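Below is a walk through one protein model, from its overall make-up to single side chains. Please keep the sequence and the 3D view at hand.

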Amino acid sequence: MPRALWLLIIGMAVNVIGSSFLWPLNTIYIHDHLGKSLSVAGIVLMFNSGANVIGNLYGGHLFDKIGGYKSIILGIGISLLALVGLSLWHDWPQYVVFLTIAGFGTGIIFPSMYAMAGSVWKEGGRKSFNALYVAQNLGVAVGASLGGIVADYSFQLIFLANTIMYVFFLLIAVFGYKRITVEPVKHDHNEKALTPVESKVNLQALFIICSGYLLCWVAYSQWTTTIASYTQEINISLTQYSLLWTINGAIIVLGQPLLIGVLKYLSASLKLQILIGIGIFIVSFLVAGKATAFSGFLVAMIILTIGEMFIWPAVPTIAFDLAPKGREGFYQGIVNSTATGGRMVGPLLGGILVDLYSMSALFLVLISLFLIAIVTTLVYDRHLKTEKQFEAKTS
């Protein structure tokens with residue numbers, strides 16, 4: 001991998017380590033330290049996620065207008081100012097304001113990171129996005145673990161630790177990303193420029209694949225919300241539940257050589273890769289739906305992790321391939337905002353279903369969402385194929 005990509009990978013890991021100090025503990029802090037209800041905590045997190053969606057879309061637009069370096073510096077600057085504010089004033093309602101601003105700033109960063117990764121190692125294809133995905137999960141595993149240790153000592157230090165990590169990220173960006181030049185990209189459709197009709201077809205394909213991507217994230221987010229609460233009801237300890245996410249991160253980091261070998265053996269297209277991942281997701285949720293002890297959820301988490309390794313890096317790769325020249329950032333912004341949207345809608349939908357019906361009803365609905373995602377994955381490129389066939393006939 002080129003040096004520029006390694007710098008992006010290191011920056012992504014540091015970025016996510018910093019944010020992972022705080023996000024797993026947000027609900028606990030709002031509920032236990034600020035004395036607010038779980039419903040209020042959910043609304044606060046929706047503000048954060050909503051700002052993150054807007055930041056993703058704006059960040060993608062900025063990448064196409066002013067480039068990745070300036071966009072990332074702006075995003076880090078906004079986040080850092082919010083985190084400094086959070087370190088100094090973390091009472092109510094300042095906490096809500098600064099957390100929302102931090103969500104917006106973080107959202108600006110991600111589309112540029114992904115768009116730059118695809119540009120600096122064009123021949124790498126999906127490997128660039130897979131590398132950032134692994135860096136993210138390594139950051140989550142390290143940040144969440146360290147965050148728990150720091151919070152046990154002093155919750156106030158969580159905000160300071162998050163801020164310090166973003167200072168490191170700013171230094172990496174300032175001294176490492178300025179020299180990264182993003183050259184015009186040759187996409188898989190092998191076109192120098194797309195006509196308005198072709199661009200519309202590509203954007204339509206992106207929206208279709210992202211609709212299934214959103215449904216997968218709606219289901220996946222249940223593991224940190226409704227399923228997490230359910231494990232407590234059946235007397236699975238918080239330590240055991242945390243262990244599930246440690247295993248999740250370890251499998252993602254250590255399992256990459258095996259995944260690459262499997263994909264090479266199957267000669268898997270990105271579409272087939274996503275379909276395999278959704279199928280594995282379904283198996284995972286069937287296992288989780290029947291689980292009554294820690295061992296059952298452990299098996300379900302292992303299966304879930306394998307599924308996400310197939311799906312999560314594939315969708316940004318598809319978006320990069322579909323993007324017209326000069327619109328890479330915008331397309332990555334759509335993908336990232338879709339994932340955030342799923343994480344925003346998922347807890348609300350899951351909570352309503354469990355409150356009104358039962359966990360069994362929730363799992364049934366989630367399986368249905370995966371089936372819809374299979375359909376969207378199968379048909380997303382239908383018009384692309386039609387367009388290519390038409391071009392072949394007229395050329």
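The paragraphs that follow go from the whole chain to a helix, then to individual residues and aromatic rings.

This is a predicted model, in which local features need pLDDT of at least 70 and side-chain atom pairs count only at pLDDT 80 or more, while totals for chains, interfaces and linings use all residues. Residues are numbered from 1 along each chain as its sequence is written, and side-chain values use heavy atoms, with hydrogens and water left out.

The protein chain has 17 helices and zero strands; both are DSSP runs numbered from the N terminus, helices being H or I with at least four residues and strands being E with at least two. Of its 395 residues, 52% count as buried. Buried means under 20% relative accessible area, exposed means over 50%, and partly exposed lies in between, with a 1.4 Å probe and protein chains only.

Helix α1 covers residues 3-22. Its end C-alpha atoms are 30 Å apart, which agrees with the 28 Å that its 20 residues should span at 1.5 Å a residue; the expected span is 1.5 Å times one less than the number of residues. The helix is mostly covered, with 16 of its 20 residues buried. L171 lies in helix α7, residues 156-176, and counts as partly exposed because its relative accessible area is 41%.

Helix α3, residues 38-66, contains N48. What does N48 touch, not counting residues up to four places away in sequence? The partners are L99, T100 and G103. The C-alpha atoms of N48 and L99 are separated by 6.1 Å, although the two residues are 51 residues apart along the chain. The side chain of N48 reaches the backbone oxygen of L99 at 2.8 Å. This is a polar contact, a pair of N or O atoms within 3.5 Å; within protein, one must be able to donate a hydrogen and the other to accept it, and residues adjacent in sequence count only if both atoms are side-chain atoms.

N56 also lies in helix α3. N56 is buried because its relative accessible area is 2%. With residues up to four places away in sequence left out, N56 touches G107, I108, F110, P111, G333, N336, S337 and T340.

Turning to the rings, a search of the whole structure finds 16 aromatic pairs. The rings of W89 and F98 have centres 6.3 Å apart and planes at 20 degrees, so this pair is stacked. Rings of Phe, Tyr and Trp (its six-membered ring) pair if their centres lie within 6.5 Å; planes under 30 degrees apart count as stacked, over 60 as edge-to-face and the rest as tilted. W89 is partly exposed at 48% relative accessibility, whereas F98 is buried at 18%.

Y213, W217, Y220, F281, F285, W312, F363 and F370 form one aromatic cluster. The charged end of R343 sits over the ring of W217, 4.7 Å from its centre; the criterion is NZ of Lys or CZ of Arg within 6 Å of the ring centre and within 35 degrees of the ring normal.

Finally, the cysteines. C210 is buried at 3% relative accessible area, and C216 is buried at 2%. The structure holds zero disulfides, a disulfide being a pair of cysteine sulfur atoms within 2.5 Å.

Methods:
Contact means heavy atoms within 4.5 Å.
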